[in-house]
Structure formats: C-alpha cells, structure tokens
Amino acid sequence: MDILLADKKIYKPQLKAVKEAVERISKVVVKTPLTPSFTYSKKFSANVMLKREDLQQVRSYKIRGAYNKISSLPKQQLDKGVICASAGNHAQGVAFACNKLQAKGVIYMPITTPKQKVDQTKMFGGDWVEVVLKGDTFDDSFKSSMKHAEKFGLVFIHPFDDEKVIEGQATIGLEILEQANEPIDYVFAPLGGGGLLAGLSSMFKEISPSTKIIGVEPQGAASMTTSLKEGKLVELESIERFVDGAAVQKVGSRNFEICKENLDKMITVPEGKICQTILDLYNQDAIVVEPAGAMAISALDLFAEEIKGKNVVCIVSGSNNDITRTAEIKERALLYAGLKHYFVISFPQRAGALKDFLDKVLGPNDDITHFEYTKKHHRENAPAVVGIELNDPADFQPLLDRMKANNFYGEYLNDKPNLFQYLV
C-alpha cells in the first residue's frame, strides 16, 4: 500500500500493523460503542451513528495512539523516559501510558490549555509524569518540547505525525467496520494534526473503499484545508485557539500525504456552530463533549441532502470539556445564530433616557444581557456598551431601525473583531 513519489516511499498504515496495535492496546483501551443517534437520524432522515470515543478511560481516542507508541518502545529507550507536547488529550493518553508502563514522562502543554485538561493529565500520570506549561499554542509547546527531548535524550511521542500513533488511531476504523451491521456510506471525523483521519481513512479505503471519508476542521484553524488547497504543507501564521483539541498551525507531513489521497472532502465549520452542537448534545442527548468532539456532528448540516437515507458515522472524539467554559460556549453559539448583538449606544445625559431606550427601542422579546455605562460630566451624550439577546434573528433589523430613528445608535460591535475580542 506504500505509494512511490519522487523515488521516496510515503508511509501508509498497513492492516497487519493495525491489527498488531489492536492486540497491543487491548488491555487499556475500551472498545467504544457505535450507537444510533435518534436525534440526528430523525433530523437528517438518515441512519446516524456515533462512535463514542468520549467514553475512553482518558475521555478521548488519543489513548490508542499514545499507548501503542510507548508500549512498542524497546526497554532501553523506555528507561530513558519519554516526552510529548499536547493541547490536552494526547497529554492524558501519554500520562496514562507512562503510569501503566512505569516510564518517566515529561509533558509540555500550552499555558492556555483548559485547567481541567492539565489537572486530568497530572491525575492520570501520577508520580510518573512532569507537566510543563509553555507557550500560547500547541506549536509553541511542541518547539520547546523538541529542544528538551534533544537536550536530555528522551524519546519524543508525537501527538499525530508518527507511524505507531497513526496505527493506534487506525484501530478505530477497524472497530467501526466490525460493529456496523450495514455498509457505511459516510464517515465524518475531526481533524487537528491528522493522525485520526490518516489512520481511519486508510482502513476504510482498504476494507470499505466505497465509504466516503469527510474531514472536519474548525474554521479558525484550517491547516489541512489550506494545505490541500495549495498542494503542499502550509503552516498557518495564526489560529483561533478555541477548539483546543484541533487548533494546530501545521498538520503532520505523513498525515497530509495520506489524507491528500484518502479524503473525499475536507471542510471547515465555524466555532459558533460547534458551540451550538455542544449545547444540543448536552440538552437533547445528555452527552458532554469538548469542542473538537462536536466537530464531526457539526458538519452534518452541510451534507443534509447528500446523506438522506444513508448510513452515517460521526466520530465523537473527546469529552474533556471544562465546565467553566460553558458561558463562553453559550455566547459563541448565540452569536453564530444571530441572536446576540453588541452595540455602542449613545445615551443623552438626562433623566429618563434609559427608560426611553427600553420603551422605544427594545422589542417585547429582546433582553439586555450586558450593560456598561459611565456618566460623563460636561457632555450632552455618553456612550454605553450594550449586549442584546434576541429570540429570532429576524428581530435584528427592526431593532437597528428603532435605535437609529430614536437617535440612540452609536456603533455595531459584532463585526469589529479588534473591539469585539474584549467582550467575548
């Protein structure tokens, strides 16, 4: 299955190696259920099934690749210790493996990693791991960890661009094919660095080549989408870090070559849409997921017509979500839906001005959720930052019209990212 390109063989995971990985990880990895989703099956008139990798011991599929890699190391290398960089889920997989195999590990994580993921990593690793918080992004942590690995001679456990890691993630593909009662028409899977999709897609292309494989990235970190479009590996200058499990500036070189050949389509979904999916999964199905874990399901709307009557699998990749992020998740979902709007409102500095705004501008179903105002002396008008939540996106234009008609309108902030970042 290797392909020859410019006299250089490009790695592709072999079925034999993946079956060996299944055996190697079987004692620590849960064979997660492939469960029908009543909610999404009904919504899309399709047979939608969820591969629940959020139910792993470390609450993500990353345990597969991490354990497969570390447990395959020769004892001499294992005794020296291992090191990795991760935005959270790979870190937990490595920590769990180090504890289980009694190998020392150093784990670099971005300073911006949610506290829940840092605490879980320390818990799974126990006395066997040291956690180092360094840099603002995964790529920052990665560069620091590589320097550490070289200095102390540690084996680096790459989160996605490694053959054993890819083969570990590929075991998900074999499980799905074993569990499915009918041929699978579509698989939707999240992509950060590409290890999961590189492994999974290779198994499907060999065993079920008619299955369409769809990769899903966050809109603010579209490294694979950009690379595929340009036909070469591209490192993005900056990324949106909200979907921390998939916020990668450059995908793996091995993964890029595999995905370039195997993926039927690579798409992006807005972060706000991902947030709405998180809320829907919790409210409708009592499933708790992290942003990266909701990406595959978030893409279904874009394929609504195409998947009607089809057998569809979505990979729910992880559930390491920090509850303190709930307010931000709700806010982003409302903004995406056109239900939350921020303005600079020009208030006359006189008694009754706020009452006029409430009576003449605010609609019967509109709600003020944010209000910042400081009275300015010796001025006729003073600005206030006001956040308004609507029941229906169609209420926005009438609200705007009433503001202008009554001379309250100052500035709309939602489409001004330099100002808006201070509110959300």
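Author: A nonpolar core is a set of buried Ala, Val, Leu, Ile, Met, Phe, Trp, Tyr and Cys residues joined through side-chain atoms within 4.5 Å. Keep in mind that this is a predicted model.

Reader: Happy to. Which residues of the largest nonpolar core touch the most other members?

Author: Val 48, Phe 188, Ile 297, Leu 300, Ile 307, Val 312 and Cys 314 do, out of 34 residues in that core. Helix H12 provides the largest share of the core, four residues. There is also a second, separate core of 27 residues, with Ala 66, Leu 73, Ala 97 and Val 155 among them.

Reader: What does Val 48 touch, leaving out residues up to four places away in sequence?

Author: Its partners are Thr 35, Pro 36, Ser 37, Tyr 40, Ser 41, Leu 300, Val 312 and Cys 314.

Reader: Let's move to Thr 121. Why does Thr 121 count as buried?

Author: Buried means under 20% relative accessible area. Thr 121 has 0% relative accessibility, so Thr 121 counts as buried. This residue lies in helix H6, residues 115–125. Setting aside residues up to four places away in sequence, Thr 121 touches Gly 88, Ala 91, Gln 92, Ala 95, Ile 107, Met 109, Val 129 and Val 131.

Reader: Which residues lie nearest the centre of the largest cavity?

Author: Tyr 61, Lys 62, Gly 192, Gly 245 and Ala 246 do, from a lining of 29 residues. Helices H5 (89–101) and H9 (195–207) each supply at least two lining residues, and H9 has the largest share with three. By type, the lining has 14 nonpolar, eleven polar and four charged residues.

Reader: And what lines the second largest pocket?

Author: That pocket, with a volume of about 300 Å³, is lined by 15 residues, and Tyr 282, Val 288, Asn 321, Ile 323 and Thr 326 lie nearest its centre. Eight of the lining residues are nonpolar, five polar and two charged.

Conventions: Residues are numbered from 1 along each chain as its sequence is written. This is a predicted model: local features need pLDDT of at least 70, side-chain atom pairs count only at pLDDT 80 or more; totals for chains, interfaces and linings use all residues. Side-chain values use heavy atoms; hydrogens and water are left out. On a 1 Å grid over the protein atoms alone, a cavity is a set of points where a 1.4 Å probe fits but cannot get out, and a pocket is an open set with protein on both sides within 12 Å along at least five of seven lines; lining residues have an atom within 4 Å of a point. Grid points are joined across faces, edges and corners, and a volume is the space filled by probe spheres set on the points. Ala, Val, Leu, Ile, Met, Phe, Trp, Tyr, Cys and Pro count as nonpolar, Asp, Glu, Lys and Arg as charged, and the others, Gly among them, as polar. Buried means under 20% relative accessible area, exposed over 50%, partly exposed in between (1.4 Å probe, protein chains only). Contact means heavy atoms within 4.5 Å.
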